[in-house]
Amino acid sequence: MSDILNKYKWMGPIIDKMDRDIKRKFMKNFRMRDKNFFPEGDYKADIKNLVNCMLCPNMCRFDCGTLQAELKETMSPAYKSRIGYYLTIGKIDASKEENKAFIDLMYKCSNEESCKVWCPFEFSVVSLLETVRDDLNTKGLMPDYCKNQIEKLKKTNTIEDHNIFLTYKDKGIENIETDGNDEVYYYIGCESMKFPEVVKANIEILKKAGIKFSTNLEKKTCCGGPAFNIRDLETAKEFANKNKELIRSTGAKIIVSDCPGCIETLNTRYRKAGIEIDGRFIHIVRYIKELIEDGKLQLQREVPDEYKKATIHDPCLLARNLNDIESIRAILNKLSSIDIVEPIYNKNFTHCCGWSGTVHWADKNIAIKEASNRIDELKETGAKVFISACPECELGLAYGVKEIDKEKIKIIDIAELLIKVI
Ligand code: SF4
Ligand code: SF4
């Protein structure tokens, strides 16, 4: 109570000057302010915070990846919240074909949560929009590009139209099936399978460190992350349960992945969905850092000349969700003769590659522009080698490289560099 009195104390002198009738009406409106502002209804959407965000003068807009890609106010965070609010309460009729663009806007978010970095209320606009998606799904208004992703997940257990894990033989990736007594489960992401050299490097690194681990590619499925983004929580939970069983069968107490999104999903998102899996879930870059510190891996060779000047692209999920900006730098600092030039937007302030979240399905051109904005920032460092630790980033960033730069710029995973020096 004292907090409220304190917050509104500036009103005191104004109220004192009111006559009795006005004061009575004013006090009634004041008491009803929540009810009037935040209409009650059977909504899953976080109406209160959508309204709070939509009334903000877009204080985070300068750093919103999709807005900076589109350069249109209609892509701004507060505008997205406003449209989300109108869709939820029916001011915009979501069922009408002519309003489809408003529904699409609810998916034109790249999940990087730069908004949350700057928001005084710590709102993540994408989290607010996810609650709007919940209501759209309930009304049967999930967009086709999301339905397609769910169909692929159900049909192939992966994000592709074929089971991408079963391509391991063609790609020369060794599969190690569990005997139930693993120290570590190397959990390979769907997107990681598009980068066989990264997967092979990680397998080689774990072997060199003498770790007993498995990959289980014959039984492997997606973590279900895309279903969480789309908010098909039933499908997401099916994947959570499949993964819980697979992880349990390995006996591993440490689960490492080359994909920050997988770790975030296996750990935090599953827990929020009520599914807990025992174990320590960490990105492989952190695990490798620990292996080096424990003396299980030696960095004994020189960094090859073509990698001697490099910059770091911090994956937003690794930096901001898994809170790890340190591991990649700790490893690179131990390498002799490499010059790391930091980009202006780095560490917790990193910018998105465009391929996080749902925007690359809703509007691929926005995602590509976001990727090319990020490539420009990385190029400003003068380095030609961009080191990251996320297959999604490595995929997205590649879309942003202009034709003229394709021969000059190398986008690599840290594992690809490490395999050359251990
Ligand atoms: S996320 Fe925060 S800073 Fe950004 S528009 Fe919404 S309320 Fe304002
Ligand atoms: S999550 Fe990213 S794209 Fe979405 S509103 Fe926030 S800053 Fe913009």
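# Exercises on a predicted model

Of the 128 residues in the largest nonpolar core of this predicted model, Met106, Tyr186, Tyr287, Leu332, Ile387, Ile414 and Leu417 touch the most other members.

**Exercise 1.** Find which residues Leu417 touches, leaving out residues up to four places away in sequence.

*Solution.* Begin with Leu417 itself, which is among the core residues that touch the most other members. Leaving out residues up to four places away in sequence, Leu417 touches Val303, Tyr307, Leu332, Leu335, Ile338, Ile387 and Ile412.

**Exercise 2.** Decide whether Ser214 is buried or exposed, and describe its surroundings.

*Solution.* First locate Ser214, which is found in strand 2, residues 213-214. Next take its relative accessibility, which is 0%; because buried means under 20%, Ser214 counts as buried. Then list its contacts, not counting residues up to four places away in sequence: Ser214 touches Ile176, Glu177, Thr178, Asp182, Val184, Tyr185, Tyr186 and Thr250. One of these, Asp182, also takes part in a polar contact, in which its side chain meets that of Ser214 at 2.7 Å. Finally, look along the chain to Ala252, which is 38 residues apart from Ser214, while the C-alpha atoms of the two are separated by 8.9 Å.

**Exercise 3.** Describe the residues that surround ligand 1 and ligand 2, and say how each shell divides by class.

*Solution.* Start with ligand 1, which is surrounded by Cys53, Cys56, Asn58, Met59, Cys60, Ala78, Cys119, Pro120, Phe121, Phe123 and Val125. By class, this shell has 10 nonpolar residues, one polar residue and no charged ones. Turn next to ligand 2, which 13 residues surround, the closest being Cys64, Thr66, Cys109, Glu112 and Cys115. The shell around ligand 2 divides into six nonpolar, four polar and three charged residues, and helix 7 (77-89), helix 9 (114-118) and helix 10 (125-138) each supply at least two of its residues.

**Exercise 4.** Locate Glu113 and Arg231, and state what phi each one has.

*Solution.* Glu113 is found in the loop between helix 8 (100-105) and helix 9, and although it is not a glycine, its phi is positive, at about 60°. With a relative accessible area of 12%, Glu113 is buried. Arg231 lies in the loop between helix 13 (225-230) and helix 14 (233-250), and this residue, likewise not a glycine, has a positive phi of about 75°.

Terms used. Residues are numbered from 1 along each chain as its sequence is written. Chains are lettered from A and ligands numbered from 1 in the order in which they are written. This is a predicted model: local features need pLDDT of at least 70, side-chain atom pairs count only at pLDDT 80 or more; totals for chains, interfaces and linings use all residues. Side-chain values use heavy atoms; hydrogens and water are left out. A residue is near a molecule or strand if one of its heavy atoms lies within 4 Å of it. Ala, Val, Leu, Ile, Met, Phe, Trp, Tyr, Cys and Pro count as nonpolar, Asp, Glu, Lys and Arg as charged, and the others, Gly among them, as polar. A nonpolar core is a set of buried Ala, Val, Leu, Ile, Met, Phe, Trp, Tyr and Cys residues joined through side-chain atoms within 4.5 Å. Buried means under 20% relative accessible area, exposed over 50%, partly exposed in between (1.4 Å probe, protein chains only). Contact means heavy atoms within 4.5 Å. Helices (H or I, at least four residues) and strands (E, at least two) are DSSP runs, numbered from the N terminus. A polar contact is a pair of N or O atoms within 3.5 Å; within protein, one must be able to donate a hydrogen and the other to accept it, and residues adjacent in sequence count only if both atoms are side-chain atoms.
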